[in-house]
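Here are my notes on the model you sent over.

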Amino acid sequence: NCGYRCPKHNAEVGGVKNSQHTKGLAADLSCSLGPSALFNAVKTLYAQGKIPELGYCIRYGWGVHVDIL
């Protein structure tokens, strides 16, 4: 859904001031399986060592936000 955001767009969508999106270190994801399945898939991949850089993962009603260290 969203990866990098310039500071102006980040502010327009209600992003926090020092958002990882403005640094190219975050993404908002969604899929047809829904937020819970996507969240579980990301956590499983992390546990398997397939996305070792994952720093943060949170589920929302619209999807999942992830960022890297």
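**Notes on the model**

1. Starting with His-21: apart from residues up to four places away in sequence, its contacts (heavy atoms within 4.5 Å) are Cys-2, Gly-3, Tyr-4, Arg-5, Asn-10, Ala-26, Ala-27, Asp-28 and His-65. His-21 sits in the loop between helix H1 (7-12) and strand S1 (26-29). Helices (H or I, at least four residues) and strands (E, at least two) are DSSP runs, numbered from the N terminus.

2. A word on the source: this is a predicted model, where local features need pLDDT of at least 70, side-chain atom pairs count only at pLDDT 80 or more, and totals for chains, interfaces and linings use all residues. Residues are numbered from 1 along each chain as its sequence is written, and side-chain values use heavy atoms, with hydrogens and water left out.

3. Is His-21 buried or exposed? His-21 counts as buried because its relative accessibility is 2%; buried means under 20% relative accessible area, exposed over 50%, and partly exposed in between (1.4 Å probe, protein chains only). The His-21 side chain also reaches the backbone oxygen of Gly-3 at 2.7 Å.

4. Ser-19 belongs to the loop between H1 and S1. Ser-19 is buried as well, since its relative accessible area is 6%. Leaving out residues up to four places away in sequence, Ser-19 touches Arg-5 and Asn-10. Both of those are also on the contact list of His-21.

5. Now the largest pocket, which holds about 220 Å³ of space. For the terms: on a 1 Å grid over the protein atoms alone, a pocket is an open set of points where a 1.4 Å probe fits, with protein on both sides within 12 Å along at least five of seven lines, and lining residues have an atom within 4 Å of a point. Grid points are joined across faces, edges and corners, and the volume is the space filled by probe spheres set on the points.

6. Which residues lie nearest the centre of the largest pocket? They are Arg-5, Gly-15, His-21, Tyr-60 and His-65, out of 16 lining residues. Strand S2 (54-59) and strand S3 (64-68) are the elements that give two or more residues to this lining. By class, the lining has 6 nonpolar, 7 polar and 3 charged residues. Here Ala, Val, Leu, Ile, Met, Phe, Trp, Tyr, Cys and Pro count as nonpolar, Asp, Glu, Lys and Arg as charged, and the others, Gly among them, as polar.

7. Trp-62 is in the loop between S2 and S3, and counts as partly exposed because its relative accessibility is 43%. Beyond four places in sequence, Trp-62 touches Asn-1, Asp-28, Leu-29, Ser-30 and Pro-35. Asp-28 is 34 residues away along the chain, yet the two C-alpha atoms are separated by 9.2 Å.

8. Arg-59, in strand S2, is partly exposed, with a relative accessible area of 43%. Setting aside neighbours within four places, Arg-59 contacts Pro-35, Ser-36, Phe-39 and Val-64.

9. Finally, the whole chain. There are 2 helices and 3 strands, in the order α-β-α-β-β along the sequence. Buried residues make up 28% of the 69 residues. Among contacts with a separation of 6 or more, 41% join residues 24 or more positions apart.

Note on methods
Polar contact = N/O pair within 3.5 Å; in protein donor to acceptor, adjacent residues only side chain to side chain.
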